[in-house]
Amino acid sequence: MPRQILVTSALPYANGPIHLGHLVEYLQTDIWVRFQRMRGHKVLYVCADDTHGTAIMIRARQEGRTPEQLIAEMSEAHQRDFAAFGIAFDHYGSTNSEANRTQCHAIWAALRQRGLVEEREVARLYDPVQNTFLADRFVKGDCPRCGALDQYGDSCEACGATYSATELKNPRSVHSGAAPTMKPSRQLFVKLAPLQPFLTQWVSGSGALQKEVANYLAGHFLDKPLQDWDVSRPEPYFGFPIPDAPGQYWYVWFDAPIGYIAATAEWCQRNGVSLDAWWRNPGCEVVHFLGKDITYFHTLFWPAMLHVGGFQLPRRVQIHGFLRVGGEKMSKSRGTFVMAATYLKHLDPSWLRYYYASKLSGGIDDLDLGVDEFVGKVNSDLVGRVVNLASRSARFVETTGLSARYPDDGGLFSRAAAASEAIAAAYEACDTREACRLVMTLADAANEYVEQKAPWTIKKDPSRATELQDVCTVVLNLFRQVTVYLAPVLPELAAKAGALLGEDLSSWEAAQQPLTGTKVAAFAHMMTRIEAAKVQAMFEETAAAAQAAKPANQPPVNPPASQPTSPEPTPAAAQTPLDKEPLAPECTIDDFTKVDLRVAKVLAAEEVPEAKKLLKLTLSLGGDQVRTVFAGIKAYYKPEQLVGRNVVMVANLAPRKMKFGMSEGMVVAAGAEGEAYLLTPDAGAQPGMRLH
Ligand SMILES: [Zn+2]
């Protein structure tokens with residue numbers, strides 16, 4: 001009986017490109033979807049870009065374009081990367097779509113109708129310079145626990161503490177450097193406590209969750225009254241306005257999962273099918289794949305929304321761990337934060353599909369990408385054990401084709417056919433590590449047969465032509481079985497094997513019956529060996545790009561965002577700052593104190609139209625002390641980015657007459673030729689304070 005399955009992967013955020021960490025999930029899902037299709041089930045696989053929120057709004061603003069332009073470009077890049085890795089969605093949407101707005105309105109109306117929405121006034125952090133409320137990630141300061149400097153508003157990288165942004169010492173906005181104020185805001189909350197009995201039952205009784213996940217939720221969230229969920233954000237915000245709450249937008253995590261329904265709706269509309277046939281049909285299994293970092297959004301809030309909205313609850317939530325590289329967290333500075341596009345420049349996507357499959361067990365443990373293991377698996381498993389079967393037999397039957405009757409093979413084919421259900425069960429459980437292991441055992445048995453029969457020796461004796469045909473018929477059939485079993489992981493290899501044998505290998509059942517009496521095409525190359533040097537080149541390119549750019553996972557502090565002369569990641573750009581500018585000769589404390597460095601506040605900034613590099617700054621040193629300074633930072637900052645912020649200036653530099661007026665000092669910035677990063681003192685510093 002064919003099953004009807006709706007499958008989703010978590011929606012990638014439109015704030016950055018796809019990297020190898022993301023791909024764990026999309027490849028795991030794609031493999032599962034392809035497996036189900038091979039088994040004859042009806043599957044719909046949808047995904048979309050997650051597009052809303054403060055991060056997108058701020059980034060677009062910094063890049064001088066609209067959020068819509070930013071997310072359109074990202075969606076295209078995401079889909080290009082997914083396609084290159086063979087990840088085949090039936091539909092790829094966006095949370096910034098009319099379909100999503102419609103579904104959000106419907107679920108919201110249902111929440112209101114059930115009396116689950118409550119309005120309350122809460123104080124939120126506010127940037128008085130940029131006039132925007134501040135999400136936790138956009139406030140930095142000193143850790144309230146260990147005192148480490150320059151930590152984000154949600155957690156400390158030094159001691160691991162998590163806290164609220166209001167607890168930070170010396171807080172400041174990463175947008176303006178200004179100290180945030182508290183500003184009251186009307187917020188809308190979804191009450192979860194009335195849904196707690198339902199959620200408790202679903203978490204522990206539905207069987208939708210992995211055991212460790214169900215236990216975690218029961219022990220960490222459901223053991224006490226569930227807190228209300230703050231689902232509104234005050235403007236300015238990039239998202240959907242809440243229809244019955246002027247000035248409020250739905251928090252990105254409210255509308256993101258609804259994107260699953262919206263993407264399905266778009267597909268249904270295009271194909272003339274009813275959405276209810278997928279989302280309100282008890283015969284349809286909804287299966288979500290996601291990473292462990294977003295567990296509670298998908299296992300508490302989301303089922304609550306689905307329940308209230310009258311949709312099917314997920315039949316299964318398949319949660320995976322994170323990717324590590326060489327045993328460590330992926331890291332930009334170590335050059336292990338590899339983008340999908342960078343991988344594609346150096347390596348074959350099939351290799352990564354197989355590597356991840358061979359490591360993923362269906363649990364939530366992290367998985368490690370080790371270079372030696374990666375190279376070893378590709379070369380020994382795929383090339384040495386699988387493709388070799390075909391390359392060592394196919395050309396001997398190019399003219400004769402396969403034997404008319406399947407020869408005696410000592411039970412090899414039937415043993416491999418009998419392994420079908422064990423392999424299928426492993427795929428079903430997302431234990432592709434076990435599936436790959438079982439298939440490699442079959443490949444080993446086939447290779448032993450080839451070694452023992454040595455078709456290349458039989459070939460030398462024309463009187464043994466029939467034997468040669470029989471031996472190669474056996475080997476190619478064993479190769480074909482292995483390829484069918486690996487087809488969810490390696491669809492491209494299955495297509496090549498299909499072309500060699502003149503058939504379509506898209507059905508799991510193909511492994512049950514041997515192929516006989518058919519032609520064999522000329523053997524075409526199927527997969528190359530991996531060279532460790534190419535893997536190294538990929539990591540080197542990643543490291544060089546990280547050196548050349550500011551890390552994109554940190555909200556940049558007043559970045560040179562629309563910098564027109566952004567340096568390309570060239571070998572020269574990979575130099576360290578000390579390479580570029582060696583340390584100056586030693587000086588004495590007296591030398592240093594001759595230079596009077598002061599905190600100054602930018603009162604006004606304007607472009608000097610006749611000067612390519614200069615901005616004219618009006619700086620306050622406190623009181624009525626005002627200075628005019630011409631600064632060579634036009635290429636890196638827009639005047640409006642500077643007004644209101646503090647900088648550091650050389651206050652006792654002899655005034656200098658310039659073409660455009662008198663420059664009464666100098667603003668200091670970090671960086672060598674071709675870059676400039678202004679300095680911002682921690683919050684609390686006053687204009688006029690001296691640097692010691
Ligand atoms: Zn700390």
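Modeller: Helix α4 (residues 98-113) lies across β4 and β9 (181-190). The helix runs at about 85 degrees to β9. Bear in mind that this is a predicted model.

Biologist: How many strands form the open sheet with β4 and β9, and in what order?

Modeller: General idea first. Strands of a sheet pair through backbone hydrogen bonds, either parallel or antiparallel. Now the case here. There are 4 strands, in the order β5-β4-β9-β10, and the pairing is antiparallel. The edges are β5 (132-133) and β10 (229-230), each pairing on one side only.

Biologist: How many bridges join β4 to β5?

Modeller: Strand β4 (residues 117-127) is joined to β5 by 2 bridges. Tyr 126 has Phe 133 in β5 as its partner.

Biologist: What is the order of the open sheet of 3 strands?

Modeller: That order is β16-β15-β17, with mixed pairing. Strands β16 (328-329) and β17 (367-369) are the edges, each pairing on one side only. Parallel pairing links β15 (residues 323-325) and β17, over 3 bridges. Leu 323 stands opposite Leu 367 in β17.

Biologist: Which helix packs on that sheet?

Modeller: Helix α11 (residues 349-359) does, touching β15 and β17. The direction of α11 makes about 145 degrees with that of β17.

Biologist: On to the metal. Which residues coordinate the zinc ion?

Modeller: Cys 143, Cys 146, Cys 156 and Cys 159, each through SG, at 2.3 to 2.4 Å. Along the chain the donors follow the spacing C-x2-C-x9-C-x2-C. Take Cys 143 and Cys 156, a pair that links distant parts of the chain, 13 residues apart. Cys 143 sits in the loop between β6 (139-142) and β7 (151-152). Cys 156 sits in the loop between β7 and β8 (169-173).

Biologist: Are Cys 143 and Cys 156 buried or exposed?

Modeller: Both are buried.

Biologist: Why is the arrangement around the zinc ion tetrahedral?

Modeller: Check the angles against the ideal. Four tetrahedral donors ideally give 109.5 degrees. Here the 4 donor atoms subtend 106 to 114 degrees, so the arrangement is tetrahedral.

Biologist: How many aromatic pairs does the count give?

Modeller: The count comes to 29. The angle between ring planes sets the class; under 30 degrees counts as stacked, over 60 as edge-to-face. Trp 250 and Phe 254 are stacked, with 5.1 Å centre to centre and 20 degrees between the planes. Trp 250 and Phe 254 are both buried.

Biologist: Why is the pair Tyr 260 and Trp 302 edge-to-face?

Modeller: The planes of Tyr 260 and Trp 302 stand at 65 degrees, with ring centres 6.0 Å apart, so the pair is edge-to-face. This pair links distant parts of the chain, 42 residues apart. Tyr 260 belongs to helix α7 (residues 252-271), and Trp 302 to helix α9 (residues 295-309). Tyr 260 and Trp 302 are both buried.

Biologist: Which residues form one aromatic cluster?

Modeller: Tyr 216, Phe 221, Trp 229, Trp 253, Tyr 296, Phe 297 and Phe 301.

Biologist: Now the whole chain. How many helices and strands are there in the protein?

Modeller: There are 22 helices and 26 strands. The C-alpha atoms fill a box of roughly 105 × 65 × 45 Å along the principal axes. Of the 692 residues, 52% are buried. Among contacts with a separation of 6 or more, 74% join residues 24 or more positions apart.

Notes
Residues numbered from 1 in each chain as written. Predicted model: local features only at pLDDT ≥ 70, side-chain atom pairs only at ≥ 80, totals over all residues. Heavy atoms only, no water. Donors = N, O, S within 2.8 Å, 3.2 Å for Na, K, Ca; no water. Tetrahedral: all angles 85-135°; square planar, octahedral: opposite > 155°, others 65-115°. Buried < 20%, exposed > 50% of the residue type's maximum accessible area, 1.4 Å probe, protein only. Pairing = 2+ DSSP bridges. Contact = heavy atoms within 4.5 Å. Axes fitted to C-alpha atoms, helices over the stretch in contact; angles between N-to-C directions. Phe/Tyr/Trp six-rings, centres within 6.5 Å; stacked < 30°, edge-to-face > 60°.
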